[in-house]
Every structure is written in C-alpha cells, then in structure tokens.
Amino acid sequence: MSFVPSTRVESPTERRNPRTLDIDQVPTAEIVRLLHQEDRLLPDAVGAVLPKLAAVVDETAARLEAGGRLHYFGAGTSGRIAVMDAAELIPTFSLAPDVVVAHHAGGAAALTEPVEGAEDSVELGAEDAAGVGPGDVALGLTASGRTPYIEGALRAARAAGAFTVLVSANPGAPLAELADIHLGVDTGPEAIAGSTRLKAATAQKMLLNSMSTAVMVRLGHTYSNLMVDVTAANGKLRGRLVTILVEATALDEAVCRDALAAAGGELKTALVCLLSGCLPPAARTALEASGGRVRPAVAVARPS
C-alpha cells in the first residue's frame, strides 16, 4: 500500500514528554504513578482559564434563557466527551433534549467505531453546523486546536451570528481566531506522545463539567447545591427527591413525602410549599413568575 501524504500537527500534545521517557521499562506500579503524576498537573492548568470560562458561562446562560441553544462540536475523544456531557444534562436537570446538542464528526456510528477521516473534513463540520442560529452558542473541542471539522463548524456558526467558543489543549491554537473566547488549557506533552485521550481529554471533561453545571446553576436548576430539577426516572431517583427535600428544609421525611405527594411529585413545587407555607397552586404560580427559580419563588409565595 502506498504512503498517503499527511499533515504534521504542531501542538504541545504532540511533543515528547521528558518525564515519561522510560515508561516502557519500569514496573507497573511506576507506570501508573507516572500517569497519575501527569494528571495532577491538570487542575492548575484548567484553573488558569477560569476567568474566561466564567465569561462563557454567563453568555451561554443568557442565550439559553432567551431561547437559544448550545451546540458542541468534536471529533474522536473530544466528540465522545461532548456527547456524554449533553446526554447527562437531560436527566440531571430535566433539560429538553434539543437545548444542548452534541455533534460528533462521523455521526452516531463514530461513538463506538473510529471514523478517523471525518475529522479532516471542513465541509462536514459546516454541514453539521447548518442548524446553528444567531442566538446560539457553538463550542468546538479539539486538543490540537486545528481540527478541520471544528474549523468548518466554527466558521459556519460565526457566519450565522452565533457566539463561538474553542476548547483546546493548545494555547496557540490556529483556530482561536474563529472563537469569541478560546479556552486554551496548557496541558503540555502527554505521557504517551500524541495520545490526547489522556490529559487533554481529561481537561476537556473538567471544563465541560464545570461549564454546563455552572450554566444550569445560573438558569435556576439548583437550590443551594441540590439538584431540584432532577428527573426521577427510577426508584433510586424517586428516593433522592425525598432526600433533597429533607436536606433543603430540615423537616421530617414523612412531612416531605406528604408534600411531594400533594405536589403531584413535582420537587420544586413541594420545596416552595415547604419553605413558604403555601399550597401547590400558589407554588406553581410563584415558580412560573420566577422563571423556575426556587429562592425568588419562595420570596413571593404567600403562605396559605
């Protein structure tokens, strides 16, 4: 088979790591210690971009509240992380499936089987971003900061007037010019050169976890640090509803169960009732007036 000319990627993740040169010659305990030692560098690396991350959260929350959507674009490991984050928001915060949408280069089949060539297509990225609108946020994830699929998606999203974000492990990412904000986390060389499923991917997971969770907090999907919009789809989660009410109100479990039953299983409604002393209809009215946020709903709900 003839050799196909390729592009040599220039990125910190492609460099050889001087700390792991002998990883193939040391005992297993030392291999895992070396990997762990590299992972310990990530919190500080992610911490360096937190001010920019906060700006992304505020812009995203504002656009989602106004009816916009958040679009993730990724290929390979980055795409799988994006799909996971979007999927987990649905049951955790009762989010509609079309609010945060993950686009993975190569489609659903690429989630379990590598479709490596898909990430090299600028055109495919643009096609997948065809549904992005001016009120949306388009976030591209690429360890190298140069993936053609992400380039196509961000160019199309920017042309549509969307707010664009690039998440990379390359502070000097070539695609940064296409992003309103670039979250370039300096994760450095991987323990195994070029294997971005390691530190680069972990940093991306940390960033998406923090970003999407912070957006949900800003949109009122929590009360204190409790998930008051969780979808109770099984026995464990139905039990969690009661636990949340007990934690939030310091009332007896029986009282909380009765309030939840009176509210038709609606956790927020029951919580407003218990905290304000009102009946379920008044709690629902207060929640609607407050955009689903518990604290302001409690402030305006009138005790029965």
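Helix α7 is followed by Gly-220, whose phi is positive, near 85 degrees. Helices here are DSSP runs of H or I with at least four residues, strands are E runs of at least two, and both are numbered from the N terminus. α7 itself covers residues 199–218, which is 20 residues. From its first C-alpha to its last it reaches 28 Å, close to the 28 Å expected at 1.5 Å a residue. That expected span is 1.5 Å times one less than the number of residues.

The model is predicted: local features need pLDDT of at least 70, side-chain atom pairs count only at pLDDT 80 or more, and totals for chains, interfaces and linings use all residues. Residues are numbered from 1 along each chain as its sequence is written, and side-chain values use heavy atoms, with hydrogens and water left out.

Now the whole chain. The secondary structure of the protein chain comes to 12 helices and 5 strands. Its C-alpha atoms fill a box of roughly 80 × 50 × 35 Å, taken along the principal axes. Of the 304 residues, 46% are buried. Buried means under 20% relative accessible area, exposed means over 50%, and partly exposed lies in between, with a 1.4 Å probe and protein chains only. Contact means heavy atoms within 4.5 Å. Among contacts with a separation of 6 or more, 64% join residues 24 or more positions apart.

Return to α7. Its buried residues are Lys-199, Ala-200, Ala-201, Ala-203, Gln-204, Leu-207, Leu-208, Met-211, Ser-212, Val-215 and Met-216. Several residues of α7 also meet α4. Two packed helices are described by the angle between their axes and the distance between the axes. For α4 and α7 the angle is about 30 degrees, and the axes are 10 Å apart. The axes are lines fitted to C-alpha atoms, for helices over the stretch in contact, and the angles run from 0 to 180 degrees between N-to-C directions. α4 and α7 are therefore roughly parallel to each other. The cut-offs are under 35 degrees for roughly parallel, over 145 for roughly antiparallel, 65 to 115 for roughly perpendicular, and oblique for the rest.

The crossing of α4 and α7 is right-handed. A crossing is right-handed if the near helix is turned clockwise from the far one by less than a right angle, and left-handed if anticlockwise. On the α4 side, the contact uses Thr-77, Ser-78, Ile-81, Ala-82, Met-84, Asp-85, Leu-89 and Phe-93. On the α7 side, it uses Ala-201, Gln-204, Lys-205, Leu-208, Asn-209, Ser-212 and Met-216. By class, the contact of α4 with α7 has 8 nonpolar, 5 polar and 2 charged residues. Here Ala, Val, Leu, Ile, Met, Phe, Trp, Tyr, Cys and Pro count as nonpolar, Asp, Glu, Lys and Arg as charged, and the others, Gly among them, as polar.

Ser-94 sits in the loop between α4 (76–93) and β2 (100–104). Most residues other than glycine have a negative phi. Ser-94 has a positive phi of about 55 degrees, although it is not a glycine. Its relative accessible area is 41%, so Ser-94 is partly exposed.

Next, α8. Helix α8 (residues 235–249) packs on helix α9 (residues 253–262) at an angle of about 120 degrees, with the axes 9 Å apart. The crossing is right-handed. Leu-241, Val-242, Leu-245, Val-246 and Thr-249 of α8 meet Glu-253, Cys-256, Arg-257 and Leu-260 of α9. That contact has 6 nonpolar, 1 polar and 2 charged residues. Ala-250 lies in the loop between the two helices. Its phi is near 60 degrees, again positive in a residue other than glycine. At 70% relative accessibility, Ala-250 counts as exposed.

α8 also packs on helix α10 (residues 267–276). Their axes come within 10 Å and cross at roughly 25 degrees. α8 and α10 are therefore roughly parallel to each other. This crossing too is right-handed. From α8 come Leu-241, Ile-244, Leu-245, Ala-248 and Thr-249, and from α10 Leu-267, Ala-270, Leu-271, Leu-274 and Leu-275. The contact of α8 with α10 divides into 9 nonpolar, 1 polar and no charged residues.
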